[in-house]
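Subject: Predicted model, structure and findings

Hello,

Here is the model for your work.

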Amino acid sequence: MVNGDYVYPSGNVECAHRVAIPPPQPFVKSLKYNLKETFFPDDPLRQFKNQPASKRILLGLQYFLPILEWAPRYTFEFLKADLIAGITIASLAIPQGISYAKLANLPPILGLYSSFVPPLVYAMMGSSRDLAVGTVAVASLLTASMLGNEVNAAENPKLYLHLAFTATFFAGVFQASLGLLRLGFIVDFLSHATIVGFMAGAATVVCLQQLKGILGLDHFTHATDLVSVMRSVFTQTHQWRWESAVLGICFLFFLLTTRYFSKRRPKFFWISAMAPLTSVILGSVLVYLTHAEKHGVQVIGNLKKGLNPLSFGDLVFVSPYLTTAIKTGIITGVIALAEGIAVGRSFAMFKNYHIDGNKEMIAIGTMNIVGSCTSCYLTTGPFSRSAVNFNAGCKTAVSNIIMSMAVMVTLLLLTPLFHYTPLVVLSSIIISAMLGLIDYEAAMHLWHVDKFDFVVCISAYVGVVFGSVEMGLVIAVAISVLRVLLFIARPRTVVLGNIPNSMIYRNVDQYPNASTVPGVLVLEIDAPIYFANSSYLRERISRWINEEEDKLKSSGDISLQYVILDMGAVGNIDTSGLSMLEEVKKTADRREIKLAMANPGSEVMKKLNKAKLLEKIGQEWIFLTVGEAVGACNYMLHTCKPINPLKQDQSQPCNNV
């Protein structure tokens, strides 16, 4: 029985609080409210209220160009911090830019171009203080994989280059459109588990691809799966260059050692940040002095001097390549957005400030549109570079401007110095950076917390490593969407019981000491009721009723006479849900069971009223709380003669309050 200390109403239950039906609202007003909650949950227009026209224009400019907001408050102390951070990330951006451009099968100079113009655009439009803009390995790999399926970069480098610019243009248009249309929630379909698995798989594939550079191979498979890469490696054992392998292993050991040291001693972060550029300098000097390029060690060769040439005229808007460029742009654009926004939010949390996801999409999209017209390929905010920027003590996005200026000086004066840079050093730099993306600790955490998320993570990883980057992404997103559908289509329903010495009702499985009233079944529906789950809920409620009746029959107690549905978690209901409730009501009536509801929300009450379902259930059987509903039903059980299924001659139970 329920808690004996609780005194149920001794008279008519009309004294219980009644659930109010919300006043009707015009359709236009409801539609406006729903659209606002969907697309403008952060209420970005609030700052424009009650402002003069001139102030609104200024606020509008500051919204799209945040630099206008913080620049007037910029101080010399900020400049000193940003100068150090900018120079530090430039030392990482230059070798990484060259490396990632090679990974994308693009001319190495494009990596420097992409570290010059996009950071300037982001510094004006971005809302993150810590994001350091540049090329990223995963997007570079995706570009090489997707464009390489249509055009061979070695056989037709000009067309391949133009398609890379076009894909970057469409990626930027897609990213900016998501921000302008307030559709950023689309990116949220890439769950944390998906990103962990996908990034780890992509990092593994990137590392495997670098075996070409480490072993000094001239010919290598264009496929990215593990089997194809291993076959390509071990069928060319006679072409392995031991000089290249020794050089690569030594530099990889150096890079990993410096990173390990910087992790153990965070104040020496600059050692790890400077290690890639140091490797490039040491490798170049070593090759120059020993003439290693004549002994199987491949070098970059000539890099064109000068700033970014315009490339708007190189964009390809004709078939049959337009579809490939659009598809590549959208997929790489989504991945770049997910990484950039996740990284920006992570560091914003550390410094206790907020970044606007839609603003970030507009900023990242605009910088890629501008970049595609100035000989750049896809850029975003990579974690490694942003982490260095954060650790270096950056204060504002000016660190991106400082980095861009350092790259500009390199483009104007220093590119000839990279002639003797060995490709094996670039491979070592990429492998070192990618190993940091294989987050096995996060995967183990997923295993301990949520096995399904772990399956999503591993599926993404296996799909990328044994299939392709695109396949891994599709598998991971498909499983994530399947989980969302399962949450919607199979919502939880639980039996509630009374916590002793309280009026609180909770899940009896979670609280074994919670007690129930024989003859009264309290069920909680833990999700909105839609067409996708209404049939399941009807069947599940019927099964709960059957199980409860069997339990009461076996105990020789009274039969089930009241079913209470706790609707507190049902935020909304559609017409299929209303039909389901009507069917449940008819089924209960046929079995001489009274149906009651507790704590329905305003949307549910509004639709119950419009569908005339309140009249069929009886508004007197709609209660404000589960406690009141149980109290009323228990009162009726004690004042009306119940049915005992073991005895035939019994009066009918009272169903009217």
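A residue is called buried when its relative accessible area is under 20%, exposed when that area is over 50%, and partly exposed in between, using a 1.4 Å probe and protein chains only. This is a predicted model, in which local features need pLDDT of at least 70 and side-chain atom pairs count only at pLDDT 80 or more, while totals for chains, interfaces and linings use all residues. Residues are numbered from 1 along each chain as its sequence is written, and side-chain values use heavy atoms, with hydrogens and water left out.

Overall picture

The chain has 657 residues, and 52% of them count as buried. Its C-alpha trace spans about 110 × 70 × 55 Å along the principal axes. The chain holds 26 helices and 6 strands; these are DSSP runs numbered from the N terminus, with helices being H or I of at least four residues and strands E of at least two. Contact is taken as heavy atoms within 4.5 Å. Among contacts with a separation of 6 or more, 80% are between residues 24 or more positions apart.

Cores

A nonpolar core is a set of buried Ala, Val, Leu, Ile, Met, Phe, Trp, Tyr and Cys residues joined through side-chain atoms within 4.5 Å. The largest one has 91 residues, and those with the most contacts inside it are I98, L106, L110, F198 and M434. A second, separate core has 53 residues, including L552, L565, I573 and W621. Leaving out residues up to four places away in sequence, L106 touches A101, Y160, L161, A164 and Y377.

Helix α6, residues 117-125, is mostly covered, with 7 of its 9 residues buried. The buried ones are V117, P118, P119, V121, Y122, A123 and M125. They pack against α2 (53-64), α3 (67-70), α5 (109-113), α15 (357-372) and α17 (398-414).

Second largest pocket

The search ran on a 1 Å grid over the protein atoms alone: a cavity is a set of points where a 1.4 Å probe fits but cannot get out, a pocket is an open set with protein on both sides within 12 Å along at least five of seven lines, and lining residues have an atom within 4 Å of a point. Grid points are joined across faces, edges and corners, and a volume is the space filled by probe spheres set on the points.

The second largest pocket has a volume of about 940 Å³. Its lining has 37 residues, and K102, L103, N105, Q209 and K212 lie nearest its centre. The lining divides into 16 nonpolar, 16 polar and 5 charged residues. At least two lining residues come from each of α4 (76-103), α7 (137-148), α10 (211-215) and α18 (423-435).

Q209 belongs to helix α9, residues 192-209. Q209 counts as buried because its relative accessibility is 16%. Apart from residues up to four places away in sequence, Q209 touches L141, F220, T221, A223, T224 and V229.

G216 sits in the loop between α10 and α11 (226-234), and its relative accessible area of 5% makes it buried. G216 and S244 are 28 residues apart in sequence, but 5.7 Å apart in space, C-alpha to C-alpha. Beyond neighbours within four places in sequence, G216 is in contact with Q239, R241, S244 and Q298.

Backbone and cysteines

Most residues other than glycine have a negative phi, and most peptide bonds are trans. A cis peptide bond joins S319 and P320, with omega about 10°; P320 is in the loop between α13 (269-290) and α14 (322-351). S375 has a positive phi, near 60°, and lies in the loop between α15 and α16 (383-391). S375 is buried at 5% relative accessible area. N599 also has a positive phi, near 55°, in the loop between β5 (594-598) and α24 (602-610). N599 is partly exposed at 37%.

With a disulfide defined as a pair of cysteine sulfur atoms within 2.5 Å, the count is 0. C376 is buried, at 1% relative accessibility.

Regards

Note on methods: Ala, Val, Leu, Ile, Met, Phe, Trp, Tyr, Cys and Pro count as nonpolar, Asp, Glu, Lys and Arg as charged, and the others, Gly among them, as polar.
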